[in-house]
Each structure stands twice: as structure tokens, then as C-alpha cells.
Amino acid sequence: MSVIPSSDPDLRSPLLSSLEEPARKPEKGPDVQKLTIDDMLQKHCGEFGTWQLRHFVLTCLAWALEAFHTMVMIFADREPEFRCLGSGCDEMAKSVCGFEPGSWDWVGGAGSSTVAQWGLVCGEKYKVGLVQAVFFGGCMIGAGTFGHLSDSTLGRKGSLTVVCLLNAVFGCLTALAPDYWTYLLLRLLTGFSTGGVGLCAFVLATEPVGSSKRGAAGMSTFYFFSTGIAMLSGIAYIFPSWRELYIASSIPSILFLVIVLPFISESPRWYLVRGRINEAMTLMRTIAKSNGKHLPDGVVLALDEDVNESYVNDQSDKQGFATKEAITGSVIDVIRSPVTRVRLFLAVAINFMCSVVYYGLSLNVVNLDTNLHLNVVLNAVAEMPAFTITALLLDKFGRKPLTIGTLWFSGFFCFAGCLMGGVGIWKVVRMICGILGIFGMAGTYNLLFIYTAELFPTVVRNVALGCATQSAQMGAILAPFIVVMGGALPFAVFASCGFVGGLLAFYLPETLNRPLYDTITGMKEGEGGLSGV
């Protein structure tokens with residue numbers, strides 16, 4: 001039987017149709033362009049608009065809380081003035097050591113400070129320094145702990161919530177301490193939570209900011225810390241009792257949790273690396289809308305290592321972006337990679353030396369024989385010009401030259417201070433050298449936060465910042481022991497730290513106008529696979 005050919009395709013045999021025609025492809029959905037967060041902010045959402053400004057200010061209020069819990073020891077652990085009640089007391093003496101019992105009394109009573117409360121003078125004076133060292137030790141542990149938690153399970157906002165809650169609880173409990181050793185323990189716990197406040201607040205405040213505005217924004221965070229120190233001086237003046245002061249300085253943490261934190265958003269970068277693409281895209285649309293911009297439907301967030309595939313054509317692939325396997329990192333990952341390993345070691349060493357100089361020079365201010373509250377205010381205000389100048393020069397000269405310059409500026413004046421005598425006009429000159437030294441180091445200390453954050457990808461950024469903060473706390477612990485040496489030796493040590501820190505900064509790469517990478521793999525590809533740069 002013959003087959004009658006037909007021109008109508010509908011009359012053809014299904015078998016012949018399958019042999020003669022290729023299989024029909026499924027329809028493709030619209031093209032979807034992959035963008036990193038930096039690219040999306042620059043092209044569609046705005047790098048620093050109304051949303052980022054509001055989020056930045058609200059988040060950075062936590063820096064003032066850190067200043068409260070850190071610097072409260074200046075007033076709570078001070079040695080108050082004394083007054084003579086009878087014979088056996090010398091009003092011209094600088095210390096009560098050797099006075100007959102009952103011949104003198106503390107001005108303000110035993111409740112004016114912990115020194116007066118528990119007699120931390122003469123042979124017991126070391127306990128004041130011990131409390132300070134233990135506090136910074138707690139900060140060191142807390143920085144590493146919450147640095148890891150904010151990169152992994154808790155996130156930036158979750159970690160900030162926990163540390164502020166712990167600060168409020170431990171701060172109020174400190175006011176109820178019945179004895180010195182309980183007080184010491186509570187200061188250790190307060191240090192543990194305080195170590196994560198500035199770290200989490202800094203990253204949360206700067207990660208939604210575009211690359212061209214991130215430097216100035218990051219440098220501005222320390223204004224809130226210095227303002228907090230100045231405000232604490234006023235609070236301490238109103239509440240002269242150390243127990244009342246601890247409660248008064250802890251209440252703002254409670255207010256922050258209740259009033260401010262609900263209006264702070266999680267970082268879109270953390271959402272991205274955790275594979276929560278829907279939440280990240282929702283937040284980016286909110287940012288664009290608040291900034292008066294429009295985020296097109298045809299773009300989607302992707303990690304650095306995924307952006308090489310610019311377009312996704314299959315609708316199923318598009319839907320696959322809604323969820324993605326979470327990417328996590330640890331300090332082991334930082335050390336394992338040659339690129340981040342060198343950066344971590346350099347950042348840790350530089351932060352350590354900077355902290356020794358900054359806290360060491362700061363301790364000399366409280367030794368001036370003037371009003372303590374005024375001294376603290378002036379010290380806080382004196383740091384602000386350094387922040388302003390560094391912020392103005394940051395995007396002009398870059399992170400690396402400015403880091404080297406400020407470290408050497410401080411080192412030079414510390415070296416000059418160690419050459420000056422301690423009497424007459426040379427005593428004044430040495431004081432001026434110390435002020436200029438802390439001026440330069442305040443700029444470095446501020447700059448290192450933004451510089452260190454830009455040196456590492458999102459997946460390990462807080463881990464790396466935590467390590468750097470831990471090393472800085474170790475420097476803060478060491479600083480008081482250097483200061484007690486007296487004479488020209490402390491200035492010589494501070495000068496050495498400044499010069500060596502500047503030399504080490506030569507080996508760091510420049511990060512000006514470079515993107516914030518999401519993963520270590522993305523950083524390797526973006527940096528051309530160069531080790532240590």
C-alpha cells in the first residue's frame with residue numbers, strides 16, 4: 001500500500017514528525033542579569049541615599065553605648081580626693097598611704113568610687129589596673145566570639161541585639177556588686193559583650209553603603225564613640241556615685257534595644273552569603289524605593305564568583321536564585337588562603353601596635369592635675385579633628401598611604417617626646433608631643449576599621465575584624481604596664497610601635513574604589529590571584 005504524500009503537517013504520521021522535526025524547546029523566560037551588591041547599589045539603588053543615612057545613624061548610636069561601658073571605669077574606678085579630719089594626716093600629700101586610721105576621709109564618701117568603697121589604694125592599688133586589664137581581656141574574647149557569630153548564625157543585627165542586651169544586664173548587675181571580686185567578674189562579662197558592639201555596628205552600618213561612599217561613612221563611625229565619651233562625662237557629673245553611674249550608663253542600652261533596633265535592617269550582604277536571596281532582594285528594593293530609585297525586575301543579586309555568568313535564560317534557573325546554599329567561613333579559611341592569610345597577620349600586628357599607642361597616650365591625660373570631667377571631654381573633642389582630616393583625605397590619597405602617614409606622624413612626635421626632659425618648658429613640650437601623638441594615632445585607629453573591613457570578603461569579614469579587634473584589646477591590656485614605667489621609656493615604646501606599624505602597612509594592598517568581595521574565591525579572581533596583595 002502506498003503512502004499518499006500531503007503538504008498538511010497535521011496529517012503527517014507522528015512517527016515521521018518525530019524523525020523529520022527537531023524536538024521543540026521549552027519557552028525561555030526573560031533574561032535575568034546577575035549583579036553584585038556594589039554594582040546594584042551603584043546602578044539602581046543609590047550608594048548613600050536617604051535609606052543608608054537613616055540606617056547608618058541609627059546603627060552607629062551603638063558606638064556611643066560602647067563608649068559608655070568602656071570608659072565608665074575612668075570615673076567609677078578613680079581615686080577621689082581626701083580631706084583631713086585631724087592629726088596624722090598631711091593635706092599636701094598626694095596619697096593617703098601612711099596616714100593614721102581615722103585621720104582622714106574620702107570627699108564624697110565611700111560610695112563615690114570603687115577605690116573608696118573597697119580601699120583600693122597603696123598595696124591594693126594594683127586591683128584597679130587588674131579590673132581594667134580583665135575588662136579588655138573580656139573584650140578580646142567577645143570580639144572573636146561575636147565576630148564569628150555575626151558572620152554565621154546570628155547575623156549582624158542579631159549579634160548586635162545580643163551584645164546590647166548583655167551590656168544592659170551586666171551593667172546594671174555591676175552596680176549591685178557586693179565586693180571587689182564580684183565586681184571584677186561582672187566587668188569581665190561586660191567586656192565580653194562590649195567587645196562585639198563596635199564590631200557588629202561598624203559592619204552593619206557600612207555594608208549597605210556603596211563602594212565610593214563607604215570610606216567616608218566608615219570613618220564617621222568614630223564620631224559617635226567620641227561623642228559618647230563626652231556624654232559619659234556629663235552623666236558622671238550628674239551621678240557622682242559609682243553605683244548610680246553604672247545604672248545610668250546602662251539604661252541607654254535598654255532604650256537602644258526598645259526604640260532604635262526595630263528600625264535597623266539586617267545587612268543585605270549577610271543575607272546574600274547565607275543564601276537568603278529573597279530577603280536580600282526585598283531589602284534592595286526597599287533601599288531603592290526609599291532613595292527615589294527603581295530596581296528593575298530583570299536583575300538579581302549574585303556572589304562575586306557567580307557574576308561571570310552574566311545572564312540566566314532558563315526560568316527554572318531564575319527561580320533557583322530564590323534560595324541558595326549558605327556559604328560560611330572561619331578563621332581557618334582566612335589562614336588557609338594565601339591572599340587573606342598575609343592580610344590577616346599584617347592587620348593583627350598593626351592593630352596591636354596602634355592600640356598600645358592610642359590607649360597608652362590616653363592614660364597620660366587622666367594624670368593631669370585638673371578637673372577629671374573636663375579632661376575627658378577635651379580628650380574626646382581633641383580626637384574629632386583627626387577623624388575629620390583623615391576622612392577628607394581618605395578618598396584622595398587612599399587607605400594605604402594614609403595609614404602609613406598617620407602611624408609615622410604619631411611615631412615621630414612620640415620619639416620627640418622621649419627626647420624631652422620632664423622639667424620646666426620641656427615638660428610642656430613633652431605634653432604637646434603626646435597630644436600630637438594621640439592626634440595622629442586617633443586618625444589611624446579610625447582608619448584601620450574601614451581598611452581592615454575592605455581587606456576581607458563578606459563571608460569572613462567579621463571573623464577577620466574580630467581577630468584584629470582581639471589584637472587591639474591585647475594592646476589595650478599591655479598599655480597600662482608600659483605607662484607605669486614612667487620617664488621617657490613609654491614614649492620610646494610608643495614611637496617604636498608607630499614606626500614599625502607604618503613599615504608593616506607597606507605590605508598591605510590599596511582598597512580605594514575596590515569592590516567588597518563576597519567570597520574568598522571571588523577575591524582571588526578579582527585580585528588576579530596575587531598572593532598577599
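Two residues are in contact when heavy atoms of theirs lie within 4.5 Å. By that rule, and leaving aside neighbours within four places in sequence, Val-72 is in contact with Ala-67, Arg-187, Leu-232, Leu-245, Tyr-246 and Ser-249.

This is a predicted model: local features need pLDDT of at least 70, side-chain atom pairs count only at pLDDT 80 or more, and totals for chains, interfaces and linings use all residues. Residues are numbered from 1 along each chain as its sequence is written, and side-chain values use heavy atoms, with hydrogens and water left out.

**The whole chain**

The chain has 21 helices and five strands. These are DSSP runs, numbered from the N terminus: helices are H or I with at least four residues, strands are E with at least two. Of the 533 residues, 52% are buried. Buried means under 20% relative accessible area, exposed means over 50%, and partly exposed lies in between (1.4 Å probe, protein chains only). Take the contacts with a separation of 6 or more: residues 24 or more positions apart account for 81% of them. The chain exposes about 23,500 Å², and carbon and sulfur atoms supply 65% of that area. Such areas come from the Shrake-Rupley method with a 1.4 Å probe; for residues, only the protein chains shown count as cover.

**Cores**

A nonpolar core is a set of buried Ala, Val, Leu, Ile, Met, Phe, Trp, Tyr and Cys residues joined through side-chain atoms within 4.5 Å. The largest one here has 117 residues. Trp-63, Phe-82, Leu-160, Phe-202, Phe-256, Tyr-359 and Phe-494 have the most contacts inside it. Helix α3 (residues 50-76) gives the most to this core, with 12 residues. A second, separate core has 23 residues, including Leu-35, Ile-37, Met-281 and Ile-287.

Beyond its neighbours within four places in sequence, Phe-494 is in contact with Val-356, Val-357, Gly-360, Leu-361, Cys-414, Ile-482 and Val-483.

| Residue | Relative accessible area |
|---|---|
| Val-72 | 1%, buried |
| Ser-150 | 0%, buried |
| Thr-511 | 5%, buried |
| Phe-506 | 41%, partly exposed |

Val-72 sits in helix α3.

Ser-150 belongs to helix α5 (residues 126-151).

Thr-511 lies in the loop between α20 and α21. With neighbours within four places left aside, Thr-511 is in contact with Arg-399, Tyr-451, Glu-454 and Leu-455. The side chains of Thr-511 and Glu-454 make a polar contact at 2.6 Å. A polar contact is a pair of N or O atoms within 3.5 Å; within protein, one must be able to donate a hydrogen and the other to accept it, and residues adjacent in sequence count only if both atoms are side-chain atoms.

Trp-408, Phe-412, Phe-415, Leu-419, Phe-499, Leu-503, Phe-506 and Tyr-507 make a nonpolar surface patch of about 850 Å². Patch residues have over 30% relative accessible area and no salt bridge; nonpolar side chains (Val, Leu, Ile, Met, Phe, Trp, Tyr) are joined within 5 Å, like charges within 9 Å. A salt bridge is a side-chain nitrogen of Lys or Arg within 4 Å of a carboxyl oxygen of Asp or Glu. The elements α17 (399-419) and α20 (489-505) each give two or more residues to the patch. Helix α17 gives the most, with four. Phe-506 is in the loop between α20 and α21 (520-526).
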